[in-house]
Amino acid sequence: MNKLLLMISACAAVILATMMIFTSPSKVGPVGVLLFFTTSYLFFLGLAAFVCKLFFIFRGKMNREFAIQDVNKRSFRYGLVLALAPVMLMLVGSFGGISIGEIVLVVLLEVFLCFLTSRNVI
């Protein structure tokens, strides 16, 4: 799963770079904008899962083989939640700017979603 996530994230980074260099939002239309936000989420998913995995490993909760599977599963689940934050901030910024209140709302939503993830609700 780690190799698949790495490949998906790398492909998403290439697609994002290509879109940012060769197109503009007015040229690609709604489907292109949807593709941009989807690939940016996939890119941030790989990045967030990697950072979460490093965090869980450095935290010291790893006990041989069973714990490695647990760390991979937990890092992927938290990565799914944490990858939403940059996409939400880009989405809010596309409507005319980002204020402190919007940043606070995104942070509160992320804290709430991480809490639900820690309790195995989502």
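What percentage of the 122 residues in the chain is buried? Buried residues make up 25% of the chain; buried means under 20% relative accessible area, with a 1.4 Å probe and protein chains only. This is a predicted model, in which local features need pLDDT of at least 70 and side-chain atom pairs count only at pLDDT 80 or more, while totals for chains, interfaces and linings use all residues. Residues are numbered from 1 along each chain as its sequence is written, and side-chain values use heavy atoms, leaving out hydrogens and water.

Start with the overall layout. The chain has 5 helices and 0 strands. Helices are DSSP runs of H or I with at least four residues, strands are runs of E with at least two, and both are numbered from the N terminus. Along the sequence the pattern reads α-α-α-α-α. The C-alpha atoms fill a box of roughly 50 × 35 × 20 Å, taken along the principal axes.

Now look inside. A nonpolar core is a set of buried Ala, Val, Leu, Ile, Met, Phe, Trp, Tyr and Cys residues joined through side-chain atoms within 4.5 Å. The largest one has 7 residues: Cys52, Phe56, Val71, Tyr78, Val81, Leu113 and Cys114. The most come from α3, with 3 residues. In soluble globular proteins, nonpolar side chains tend to be buried together.

Next, follow helix α4, residues 84-93. Its axis and that of α2 come within 8 Å and cross at roughly 150°. Axes are lines fitted to C-alpha atoms, for helices over the stretch in contact, and angles run from 0 to 180 degrees between N-to-C directions. The two helices are therefore roughly antiparallel, a term for angles over 145 degrees. Phe36, Phe37, Ser40, Tyr41 and Phe44 in α2 meet Leu84, Pro86, Val87, Met90 and Leu91 in α4; contact means heavy atoms within 4.5 Å. By class, this contact has 9 nonpolar, 1 polar and no charged residues.

Helix α4 also meets α5. Their axes come within 10 Å and cross at roughly 155°. That makes α4 roughly antiparallel to α5. On the α4 side, the contact is made by Leu84, Ala85, Met88, Leu89 and Val92. On the α5 side, Glu102, Ile103, Val106, Leu109, Glu110 and Leu113 take part. Here the classes are 9 nonpolar, no polar and 2 charged residues. Ala, Val, Leu, Ile, Met, Phe, Trp, Tyr, Cys and Pro count as nonpolar, Asp, Glu, Lys and Arg as charged, and the others, Gly among them, as polar.

Conventions:
Buried < 20%, exposed > 50% of the residue type's maximum accessible area, 1.4 Å probe, protein only. Parallel < 35°, antiparallel > 145°, perpendicular 65-115°, else oblique.
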